[in-house]
Amino acid sequence: MTPTPPRPASKQTSGNPATQAQIASTVKQQREQKRQEKLAEYQRQLAKRRRSKLVWWSVGSLVAIGVIAAIIASIVFAPTPPPTLSPGDGDGSSIEGVETFQNTANHVEGDVQYAQTPPAGGDHNAIWLNCGIYDQPVPNVNAVHSLEHGAVWITYDADAVGDEELTALRRQLPSSYVVLSPYEGLDSPIVLSAWNAQLKLDSADDPRFSEFLTTYWRNQNAPEPNAACSGALDAPGKQ
C-alpha cells in the first residue's frame, strides 16, 4: 500500500479555530484598508475637481467683471463726440454783440494790414489754412482764406484762458471747418470770427458761443461756401 504524501506547507491550514479566526480577521482588515484607501483617493480626486471648478469659476467671474468694467469705463470716460451742425445762413443779427463788416476778398502776396483784430475777412493769401486746432498763432493771410471757405476762426488770449476753460471751449467745436488758435493782442479773452462777422466773449460758457457757431459755421453766404478746409497749409502748432 502506497503511503499518501504530505500536503505542501503553503497549503496547510491551522486546525486551531482561534488561529483561523485571526487569519480571517487579518484578511478582512486588509480588504477594509484597501477600501478605505480607494475611498480616500476618490475623495482627494473629487476635492481636486471641485477646487479646479472653483478656480475656473473664479477666473471666469473675474474676466467677466473685467469685461463689464471695461465696457462701463469706455462709456463713462469716452470723449464727448463733437456737436453736429448744419451749414448756417450767416445772419447773426439776433445775436447780441455781433459786429459785421464789409471786406474785400482778393488773393494777394505778402502780409496784409487788416481792419479787424483778428481779421474777419479781407484780402488774403491764395493758400488757405487747414482747419483744426493749433497751439501757436497762425498766419492771418491764410486763416482769412479759410474764413472765405465758410470756416469759423476762434482765437483766444492764452494769458486769460486757462486749461480748463480751453478744454470746455474745445468740447463745443464741430469736427471740421473750425480753426482754434491763440492770438496776441486781443482785447477780449475769446473772439469768434467768420467772414465779415465777429463776436467778442469773456468766457467759453457764454451761450452766444454756440449761437455764433450755429449761424456762421460753413456760412453759405461766404464768398466761397463749401470750398475745402483741408489739403493746403498746416501752420506750426497743428494738433
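This is a predicted model: local features need pLDDT of at least 70, side-chain atom pairs count only at pLDDT 80 or more; totals for chains, interfaces and linings use all residues.
Residues are numbered from 1 along each chain as its sequence is written, and side-chain values use heavy atoms, with hydrogens and water left out.

Helices (H or I, at least four residues) and strands (E, at least two) are DSSP runs, numbered from the N terminus. Strand S3 covers residues 152–156, and because five of its five residues are buried, it is largely enclosed by the rest of the structure; buried here means under 20% relative accessible area, with a 1.4 Å probe and protein chains only. In a regular strand the side chains alternate between the two faces of the sheet. In S3 both faces are covered, with Val152, Ile154 and Tyr156 buried on one side and Trp153 and Thr155 buried on the other.

Strands pair if DSSP finds at least two bridges between them. S3 runs parallel to strand S4 (residues 178–182), to which five bridges join it, and Ile154 stands opposite Leu180 in S4. Four bridges join S3 to strand S5 (residues 190–194), and these two run antiparallel, with Val191 in S5 as the bridge partner of Thr155.

Helix H4 (residues 208–216) has as its buried residues Phe209, Phe212, Leu213, Thr215 and Tyr216, and what covers them includes S3, S4 and S5. After H4 comes Arg218, whose phi is positive, near 50°.

Conventions: Buried means under 20% relative accessible area, exposed over 50%, partly exposed in between (1.4 Å probe, protein chains only). Contact means heavy atoms within 4.5 Å.
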